[in-house]
Amino acid sequence: MISPSHRFGSESPIHTSVTEYHTAIDHGSDKNVVNADTLIEDEYFRTNPKPEYLDKLVGKAEKFLKNIPKTCKIVLLTSGGTTVPLENNTVRFIDNFSAGTRGASSAEQFLANGYYVIFLHREFSLTPFNRQFTHSATTQFLDYFNEHGELKQDFKAKILEEKKLQLKYQKQLLLLPFTTVNQYLWSLRSIALLMNNKNCLFYLAAAVSDFYVPYSKLPQHKIQSSNEYKKSDYSKESKSASSSSSSSSSSSSSSSSSSSGSSSNVLSSGKLILDLDPVPKFLRRLVQSWAKSSMIISFKLETDSSILIKKAKQALKNYNHQLVIGNLLQTRNKEVVFVSEDANIKEQWVKLTADVTCIEALIIPEAIKRHQEWIATQESK
Ligand code: PMT
């Protein structure tokens with residue numbers, strides 16, 4: 001039997017969904033505040049703290065990569081959504097819809113096609129081979145067992161099938177978690193730096209937040225909805241901000257103003273104003289620096305079909321990587337479009353057929369074909 005800790009190797013698992021309390025900033029004092037507007041990509045990593053567990057995560061990736069024969073293909077596959085904490089002792093956070101279906105299903109297909117897979121995924125999102133059982137709307141965990149604790153006959157065949165696959169591919173698969181967008185970015189960079197060669201493919205299916213609260217602006221404690229528990233030094237700062245500001249009535253009536261360095265501003269009306277910064281576009285850094293010798297496939301998600309291909313082309317132009325797979329939220333499980341750097345290749349739609357019910361079973365062979373062709377062009381240079 002494989003123990004649960006097997007998911008992350010024999011050592012204890014890494015948990016990413018817990019707050020790192022001791023790194024909280026106290027915005028009662030403004031000494032920690034940096035001007036987030038001046039942040040550039042590299043500054044991001046200087047001003048947003050490295051996750052405590054990162055060295056351990058990188059150690060696992062190094063160990064996994066060390067045991068892979070030189071000629072084998074490897075994919076770093078990102079999956080699931082990133083969160084954006086609104087408080088350092090996190091009660092509230094911004095999230096997105098992604099359950100990790102695309103990522104988990106794609107990982108299974110890459111494994112079946114001989115690739116080694118580093119599965120950088122949102123903790124507790126869907127994982128390869130487990131995905132059909134863990135997040136079911138109709139079957140809860142205990143429903144799989146009868147009153148004697150035995151696996152019900154109805155589920156046995158399907159569970160055995162997936163279990164066999166899990167065992168077959170266990171040495172080819174490494175699962176590494178993230179929860180926040182900051183954890184994702186630190187992990188992506190650290191692992192990418194280990195995988196910078198042509199046999200490595202980056203398949204970025206994670207839904208990465210475009211907006212976040214920089215560490216320097218993150219309130220230490222839960223945002224209060226009333227003035228009763230606001231810090232006295234906040235109110236002092238609010239007052240001075242209001243006296244020096246003639247234009248902003250909101251700052252004069254706020255319980256925590258941006259002059260305290262906090263991203264959140266609760267008005268006397270009870271409204272919460274959030275001030276989010278753009279997440280730097282790290283795809284550019286990945287392509288130009290961290291993994292410049294690897295092939296990179298990114299996803300482009302839109303909800304408006306009339307702009308999907310245009311936006312995919314724009315991403316290729318902006319980041320100069322090899323392939324964008326475009327998908328619409330509404331039809332993402334039925335069809336996707338391949339948009340490549342090669343101007344001679346027109347967009348290629350990949351759609352479910354009567355025989356194939358899993359879109360990733362069509363996406364991955366095409367992605368692998370393009371990876372092989374790309375390797376051939378690199379070798380002929
Ligand atoms: O999990 P499912 O429910 O199956 O859904 C799958 C999916 C729809 C999430 C997936 O197929 C998908 O489209 N993933 C990418 C969603 C996304 O973040 O799209 P985007 O247009 O915001 O970003 C485009 C690319 O840039 C992505 O590869 C992303 O990883 C990357 N990016 C985004 C933001 C950022 N600051 N830096 C980045 O590098």
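This is a predicted model: local features need pLDDT of at least 70, side-chain atom pairs count only at pLDDT 80 or more; totals for chains, interfaces and linings use all residues.
**Around the ligand and a ring pair**

Trainee: Which element gives the largest share of the shell around the ligand?
Mentor: The ligand sits in the second largest pocket. Two or more residues of the shell come from each of α3 (101-112), α9 (282-290) and β11 (295-302). The largest share, 4 residues, is given by β11.

Trainee: How far from an oxygen atom of the ligand does a polar side-chain atom of Lys-300 lie?
Mentor: Among the residues that come nearest to the ligand are Phe-299 and Lys-300. A backbone N or O atom of Phe-299 lies 3.4 Å from an oxygen atom of the ligand, and for a backbone N or O atom of Gly-100 the distance to a ligand oxygen is 2.9 Å. For the polar side-chain atom of Lys-300, the distance to a ligand oxygen is 2.6 Å.

Trainee: What percentage of the area that the ligand exposes when taken alone does the protein bury?
Mentor: Taken alone, the ligand exposes 780 Å². Of that area, the part buried by the protein is 94%.

Trainee: Why is the pair of Phe-64 and Tyr-116 edge-to-face?
Mentor: The structure holds 16 aromatic pairs, and one of them joins Phe-64 in helix α2 to Tyr-116 in strand β4, so parts 52 residues apart in sequence are tied together. The ring centres of Phe-64 and Tyr-116 are 6.2 Å apart. Planes over 60 degrees apart count as edge-to-face, and the pair has this name because its planes stand at 65 degrees.

Note on methods
Residues are numbered from 1 along each chain as its sequence is written. Side-chain values use heavy atoms; hydrogens and water are left out. A residue is near a molecule or strand if one of its heavy atoms lies within 4 Å of it. A polar contact is a pair of N or O atoms within 3.5 Å; within protein, one must be able to donate a hydrogen and the other to accept it, and residues adjacent in sequence count only if both atoms are side-chain atoms. Accessible areas come from the Shrake-Rupley method with a 1.4 Å probe; for residues, only the protein chains shown count as cover. On a 1 Å grid over the protein atoms alone, a cavity is a set of points where a 1.4 Å probe fits but cannot get out, and a pocket is an open set with protein on both sides within 12 Å along at least five of seven lines; lining residues have an atom within 4 Å of a point. A molecule sits in a cavity or pocket if more than half of its atoms lie within 2 Å of its grid points. Rings of Phe, Tyr and Trp (its six-membered ring) pair if their centres lie within 6.5 Å; planes under 30 degrees apart count as stacked, over 60 as edge-to-face and the rest as tilted.
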